[in-house]
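Let's walk through this one together, a piece at a time. Have the sequence and the 3D view open as you read.

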Amino acid sequence: MTAHQPRVIIVGAGIGGLTAAVALRRVGVDVAIYERAPELAAAGSGLSIMSNAVSALATLGIDLQLERHGQAIESFEFLTRDGREIRTLPLKEIGDRLGAPSINIGRTELQQALLAGLDGQPVELAATVTDVETTASGVRVTFADGRETHGDALIGADGLHSVVRSRISGPTPLREPGYVCWLAVVPFRHDRLPAGAVRHYWGAGQRFGLIDIGHGRAYWWGTKNMSAAAARGWQGDKAEIERAYADWADEVGEVIRVTPAEAIISVPAQDRPFLARWGAGPVTLLGDAAHPMLTSLGQGAGSAMEDAVVLARSLAGVAAADVPLALRRYERTRRARTRQLVQTSRAVSLIEQAERPLARRLRDAYFRWVPGPVLYRQNAAVLTFPGGGSA
């Protein structure tokens, strides 16, 4: 009797879940995708798909044509609050050497590119997981509306508040460093934002990012220190954000001014302690469900895409009976890399959000004077997909 090919259930149709579906289908694995939201509506913000993620996808021959949907990074600068340069990062040079650009893109456009990559594969919506049970033949998932589905493997790609994660590890605490993030995408052009530009402005307990995502649009984000409770329940308005950046660089004030209040999203900064065990039996985790991280490295989406590629490689050609071994292989391959990204993202975030004058001066001085080769190596280590080439 020929061993049957596995059927993989993916819970969560965010970036990680959709990329996993695209990657698994590319290697011939049957997938079923379930999403708790009633519709696939991406948040109105942007993100970076860095060289490492582009390289990872390329190892499976996946080209989402992200440069057509977004904008490749041409320059990346750290600046003072009033727009004076602190340091330029060599991201374009690293990407050129790797043969994989870093790309800024709107979440909606990335979602559309991933859905196109599914080539008609349906996504089951309004599917909230209430129970996960390992069976003799695989795994059974029960949903709030009474639906059930059975498969040979379950991938929890259901984000920071993952139900699948809670079934594996029980409750794990959120870590909240104590700052709010404001996010928006808006049509915007400015002399200080040339094509492909990324600008990060640093102040006292505040940051601002202004990013060209192509097609005449900018993605911007701002952060401000406050208590974790205040960040979690922020109920302010656009006027508060305008006051927070009133004396910053002109382009910062201008992009906030032209952004409709209803286009601004507020989210608290949150991650979780690194989870040593991602799965058991035919169940594993991916992306934010496994290793949520703060945003300072811009690697939340990219690390989920790396996960998806490694998962697909691990399951390619595997019989259903061997799925648990393949999932443990995937977890072992990803653990050290993602642990480092989580830890580094958190450390950099705390440095960038510095509020005391001495800490700010040390932060700025370090980035100004760190030797170029050291800066290159640090960034190349993040931007290189393990096994996908080196800088």
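**Starting with the sheet**

Ile 9 has Leu 154 of strand 12 as its bridge partner. Before going further, note that this is a predicted model, in which local features need pLDDT of at least 70 and side-chain atom pairs count only at pLDDT 80 or more, while totals for chains, interfaces and linings use all residues. Residues are numbered from 1 along each chain as its sequence is written, and side-chain values use heavy atoms, with hydrogens and water left out.

Back to that bridge. Strand 1 (residues 7-11) and strand 12 (residues 153-156) run parallel and are joined by 4 bridges. Strands here are DSSP runs of E with at least two residues, helices are runs of H or I with at least four, and both are numbered from the N terminus. Two strands count as paired if DSSP finds at least two bridges between them. Zoom out and you get an open sheet of 5 strands with parallel pairing, in the order 8-2-1-12-18. Its edges are strand 8 (123-124) and strand 18 (283-285), each of which pairs on one side only.

For the antiparallel sense, go to strand 5 (residues 75-80) and strand 6 (residues 85-88), which pair over 3 bridges. Glu 77 has Thr 88 in strand 6 as its bridge partner. The two strands make a hairpin with 4 residues between them, and Gly 83 in the turn has a positive phi of about 95°.

Asp 119 has a positive phi of about 55° although it is not a glycine. You'll find Asp 119 in the loop between helix 5 (107-117) and strand 8. Asp 119 counts as exposed because its relative accessibility is 65%; the cut-offs are under 20% relative accessible area for buried, over 50% for exposed and in between for partly exposed (1.4 Å probe, protein chains only). His 215, also not a glycine, has a positive phi of about 60°. His 215 sits in the loop between strand 15 (206-214) and strand 16 (217-225), and is exposed, with a relative accessible area of 57%.

Now for the rings. The structure holds 14 aromatic pairs, counting rings of Phe, Tyr and Trp (its six-membered ring) whose centres lie within 6.5 Å, with planes under 30 degrees apart called stacked, over 60 edge-to-face and the rest tilted. Tyr 245 and Trp 248 are an edge-to-face pair, at 4.8 Å centre to centre and 75° between the planes. Both Tyr 245 and Trp 248 are buried. They belong to one aromatic cluster along with Trp 182, Tyr 201, Phe 208, Trp 220 and Trp 234.

Tyr 366 and Phe 367 are edge-to-face too, because their ring centres are 5.4 Å apart and their planes are at 90°. Tyr 366 is partly exposed at 39% relative accessibility, whereas Phe 367 is buried, with a relative accessible area of 13%.

Last stop: helix 9 (residues 250-257), whose buried residues are Glu 251, Val 252, Val 255 and Ile 256. Seen down the axis, these fall within an arc of 135°, so they line one face of helix 9; the arc is that of the directions from the helix axis to the C-beta atoms. What covers them? The cover includes strand 13 (179-187), strand 14 (197-202), strand 15, strand 16 and helix 8 (238-244), where contact means heavy atoms within 4.5 Å.
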